[in-house]
Amino acid sequence: ALATASGALAGRLVSAPRLINATRAEAAVAAWLSGLAAPERTALQERMRTAPVLETILQSLTENSPFLWELASREPARLLRLVDADPDQHFPQLLAETARAVATTADLDAAMRLLRRMKAEAALLIGIADIGGVWPVMQAALALTQLADTAVQSAVHFALAEAAAKGRITPCDGADPQRDSGYIVLAMGKMGAGELNYSSDIDLIVFYDAA
C-alpha cells in the first residue's frame with residue numbers, strides 16, 4: 001500500500017496522543033468515513049489498516065484539535081495526498097508551487113485562495129508530522145516559519161506587481177518587482193528566529209526607501 005511506501009507520511013508515524021474517550025473518538029471517525037464516497041472511504045480505510053497510528057491520530061484530532069480535524073475531514077482527497085506523500089519533499093514543493101502560482105496571477109481573489117489553500121494543506125501536514133513523531137519539535141517550528149515566510153513574500157510580490165501594473169511604481173525588474181524595490185519586510189521575534197509555533201502571531205516591521 002502507498003501508506004507503507006518508503007518515505008510516505010503514514011508509514012513513518014510512530015506516536016499518537018492517548019485518547020480521552022476512545023469510544024467516542026472511534027465513533028466520530030467511523031461516522032465520518034461512512035459518509036464518504038466509496039473510493040475515498042476504501043482508500044482511507046486501507047491507509048489506516050496498514051498504518052494504525054494514523055487512525056489513532058485522526059481520532060485524537062476529533063478530541064483535541066477542531067481546526068486540524070476540520071482540515072482532515074473536509075477534504076479527504078487532500079488527506080490521502082498528504083499521508084501518501086513524503087513530507088520532506090511535499091512541503092517545500094507545496095510552498096514553491098504556491099509562490100509560483102501567486103506570482104503569475106493578477107487576480108487578488110485568486111491569490112488569496114492560493115495562499116489559504118497553501119496554509120490549510122501545510123498546517124495539516126505539519127500537524128500530523130509533529131503529532132506522529134515524524135518531525136521533531138524544532139523541525140515543525142521551522143516549517144511553520146517557512147510557511148509564514150512564503151505567505152509574506154508572495155503577498156509582497158503580488159502587492160508590488162499590482163502597484164507596478166497600475167503605474168504607481170516602476171520596478172527595476174518587472175518579473176521580480178521585489179528586487180531593488182526599497183521595500184523591506186523584517187520578521188521579528190519567533191518568526192525572525194525560525195521558531196514559530198501554532199499559536200504565534202507574526203511580528204513584522206516594514207521599511208520603504210523612496211530612493
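A polar contact is a pair of N or O atoms within 3.5 Å; within protein, one must be able to donate a hydrogen and the other to accept it, and residues adjacent in sequence count only if both atoms are side-chain atoms. Keep that in mind for the tour.

You're looking at a predicted model, where local features need pLDDT of at least 70, side-chain atom pairs count only at pLDDT 80 or more, and totals for chains, interfaces and linings use all residues. Residues are numbered from 1 along each chain as its sequence is written, and side-chain values use heavy atoms, with hydrogens and water left out.

**Stop 1: the whole chain**

Switch to cartoon view. The protein chain has 10 helices and two strands (DSSP runs numbered from the N terminus: H or I of at least four residues for helices, E of at least two for strands). Walking from the N terminus, you'll pass α-α-α-α-α-α-α-α-α-β-α-β. Of the 211 residues, 38% count as buried (under 20% relative accessible area; exposed is over 50% and partly exposed is in between, using a 1.4 Å probe and protein chains only).

**Stop 2: helix α9**

Select residues 137-165, which make up α9. How far apart are its end C-alpha atoms? They are 42 Å apart, and that agrees with the 42 Å that its 29 residues should span at 1.5 Å a residue (the expected span is 1.5 Å times one less than the number of residues). After α9, click on Gly167, where phi is positive, near 75°.

**Stop 3: Thr145**

Stay on α9 and pick Thr145. Is Thr145 buried or exposed? Thr145 counts as buried because its relative accessibility is 3%. Now show its side chain: a polar atom there lies 3.4 Å from the backbone nitrogen of Glu195, and the side chain also reaches the backbone oxygen of Gly194 at 3.5 Å. Leaving out residues up to four places away in sequence, Thr145 touches Lys190, Met191, Gly194, Glu195 and Leu196 (contact means heavy atoms within 4.5 Å).

**Stop 4**

Jump to His90 in helix α7 (residues 87-103). His90 counts as buried because its relative accessibility is 14%. Which side chain does His90 join through a polar contact of 2.6 Å? That partner is Glu121. Beyond its neighbours within four places in sequence, the contacts of His90 include Arg81 and Leu125.

Arg81 sits in helix α6 (residues 76-84). Arg81 is partly exposed, with a relative accessible area of 37%. Arg81 touches both His90 and Glu121. Draw a line between the C-alpha atoms of Arg81 and Glu121: they are 9.8 Å apart, though 40 residues separate them along the chain.

**Stop 5: the pockets**

Rolling a probe the size of a water molecule over the atoms shows where empty space is left. On a 1 Å grid over the protein atoms alone, a pocket is an open set of points where a 1.4 Å probe fits, with protein on both sides within 12 Å along at least five of seven lines; lining residues have an atom within 4 Å of a point.

Select Lys119, Ala123, Leu144, Leu147 and Ala148, which lie nearest the centre of the largest pocket, lined by 18 residues. This pocket holds about 510 Å³ of space (grid points are joined across faces, edges and corners, and volume is the space filled by probe spheres set on the points). Helices α5 (66-74), α8 (108-131) and α9 each supply at least two lining residues.

Finally, the second largest pocket has a volume of about 200 Å³. Of its 15 lining residues, Ile169, Thr170, Asp180, Ser181 and Tyr208 are closest to its centre.
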